[in-house]
Amino acid sequence: MPMNRRSTITTRAARAVAAVTPNAKTADPTYKDLPSKRKMSFSTLAVLVVLIGLNYMLWQEAYQQKFKSATFTAAASTADTHQLDHELLTRQRSELVCGGNGKTFGAEWSNLCKYKFVESLNNDLNSGKDIYIVQIGAHVGFEANDPFANGAATLLSNLTKEEKKRFHWIFVEPSPPNHQRLVENLQNRSDWCNMSSINAGVVPDGTPKDSSMVFHTFSSDIDPDTGFDSRSGKTLPYWITQVSGLSMGPLFHNKRVFDKRGLKFEDYVVDVNVTAYTFSELMEIATGGQAPNLVLIDTEGFDCPIILGISKLSNYLPPYLIFEESQCGDKRQPTFDYLGELCYGFVQKIQSTQNAIAIRSNSETCS
């Protein structure tokens, strides 16, 4: 207890004793006739009452100080425990997905693990932020050759219900038949996290505004999951309907798949008008204004033009970006160079895949 507080209590006690003892005789005219022992008993009783009150006040003050100290210690201990729990959880989730350098889930995840992607997500979730993963050119989702899905499924299985609500995975697919199957696949996995889809194509920022564009795809007679053609009864590669885009190039490249089965390629090509969004428009719709944590692009040859069209002032530059660089042609190196201008300090082709990964530097340290 502070000395000035003790002094105040002691002074009050002394005044109380003085008020009782010296004035007792004046207050009681018969006091002078009482035996001396009885006089002493009155004085002693008064002093004892005051001293008891003093001790109680001192004890109460000390208890309050002790309670405050214990409360502060408990709060500090709780904060320390929370920090330890967070660090332990981060390590557990990282080990779950990234054990063995993430190679279990493919080369893309190996690179994401190397550059602390899981730790970044866990830190955001722990601080109450929402996570946004945007997959452009998602096809029907969750295919065997999907560079993200398997590792993501494992990570999501380890999140709490509350965290899953804040984990947003947005799938963008322009082909109507592919998108229809995508919606069904999302419904079958609705407990994974907050999943949604957008039926639209993506064009570079600055593209003249047009509400739709012509998109080349294959007939809905071909099952987008299995490749089974209900028209001929023959089965094509499961990935064949992943081949679609704004140009006919990727489709023509796989004409031999139809020729080999005695099918007429031209009979299966379908042109459809689809909604078109620029990159920034899409992100505004998908994330509501927040920069996504990760963007994956697979648009059959249109990845590099999309990236080259992103404004340097864009609010939607993700810290992690994976795109298909194998079909970029002469735009490949300009895209790598431009990503450097967008503060992506690390851009590299992912070995044994058709993809590249870009890791963005902290905006405060990027020149």
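This is a predicted model: local features need pLDDT of at least 70, side-chain atom pairs count only at pLDDT 80 or more; totals for chains, interfaces and linings use all residues.
Modeller: A charge is taken to sit over a ring if NZ of Lys or CZ of Arg lies within 6 Å of the ring centre and within 35 degrees of the ring normal.

Biologist: What makes arginine 189 count as lying over the face of tryptophan 192?

Modeller: Arginine 189 is 5.6 Å from the ring centre of tryptophan 192, and the limit is 6 Å. Arginine 189 also lies over the face of phenylalanine 142, at 4.2 Å from that ring centre.

Biologist: How many aromatic pairs does a search of the whole structure find?

Modeller: The search returns 16 aromatic pairs. Among them is the pair of tryptophan 109 and phenylalanine 117, with 5.8 Å from centre to centre and 65° between the planes. Planes over 60 degrees apart count as edge-to-face, so this pair receives that name. Tryptophan 109 and phenylalanine 117 are both buried.

Biologist: Why is the pair of phenylalanine 142 and tryptophan 192 called edge-to-face?

Modeller: The ring centres of phenylalanine 142 and tryptophan 192 are 5.4 Å apart, inside the 6.5 Å limit for a pair. Their planes make 75°, which is over 60 degrees, and therefore the pair is edge-to-face.

Biologist: What does this pair tie together?

Modeller: Phenylalanine 142 belongs to the loop between strand S1 (131-136) and helix H6 (149-156), and tryptophan 192 to the loop between helix H8 (176-187) and strand S3 (194-198), so the pair joins parts that are 50 residues apart in sequence. Both rings belong to one aromatic cluster, which also includes Trp109, Phe117 and Tyr320.

Biologist: Are phenylalanine 142 and tryptophan 192 buried or exposed, and how do you know?

Modeller: Phenylalanine 142 has a relative accessible area of 15%; the cut-off for buried is under 20%, so phenylalanine 142 is buried. Tryptophan 192 stands at 24%, between the 20% and 50% limits, and therefore counts as partly exposed.

Biologist: How do you know whether valine 243 is buried or exposed?

Modeller: Valine 243 has 6% relative accessibility. That value is under 20%, so valine 243 is buried. Valine 243 sits in the loop between S5 and helix H9 (249-253). Leaving aside neighbours within four places in sequence, valine 243 is in contact with Phe218, Pro250, Leu251, Asn254 and Glu300.

Biologist: What makes S4 and S5 the edge strands?

Modeller: An open sheet of 3 strands has the order S4-S6-S5, with mixed pairing. Strand S4 (201-203) and strand S5 (212-218) each pair on one side only, and are thus its edges.

Biologist: How do you know that S5 and S6 pair?

Modeller: A pair of strands needs at least two bridges; S5 and strand S6 (residues 269-278) have 7, in the antiparallel sense. Methionine 213 stands opposite valine 274 in S6. Helix H11 (residues 279-287) packs on the sheet, where H11 touches S4 and S6.

Biologist: Which residues of helix H13 are buried, and why are they said to share a side?

Modeller: In helix H13 (residues 332-341), the buried residues are Thr335, Phe336, Tyr338 and Leu339. They cover an arc of only 165° around the axis, so they lie on the same side of H13. These buried residues pack against helix H12 (303-308), strand S8 (320-324), strand S9 (344-349) and strand S10 (355-360).

Conventions. Residues are numbered from 1 along each chain as its sequence is written. Side-chain values use heavy atoms; hydrogens and water are left out. Helices (H or I, at least four residues) and strands (E, at least two) are DSSP runs, numbered from the N terminus. Contact means heavy atoms within 4.5 Å. Axes are lines fitted to C-alpha atoms, for helices over the stretch in contact, and angles run from 0 to 180 degrees between N-to-C directions. Rings of Phe, Tyr and Trp (its six-membered ring) pair if their centres lie within 6.5 Å; planes under 30 degrees apart count as stacked, over 60 as edge-to-face and the rest as tilted. Buried means under 20% relative accessible area, exposed over 50%, partly exposed in between (1.4 Å probe, protein chains only). The arc is that of the directions from the helix axis to the C-beta atoms.
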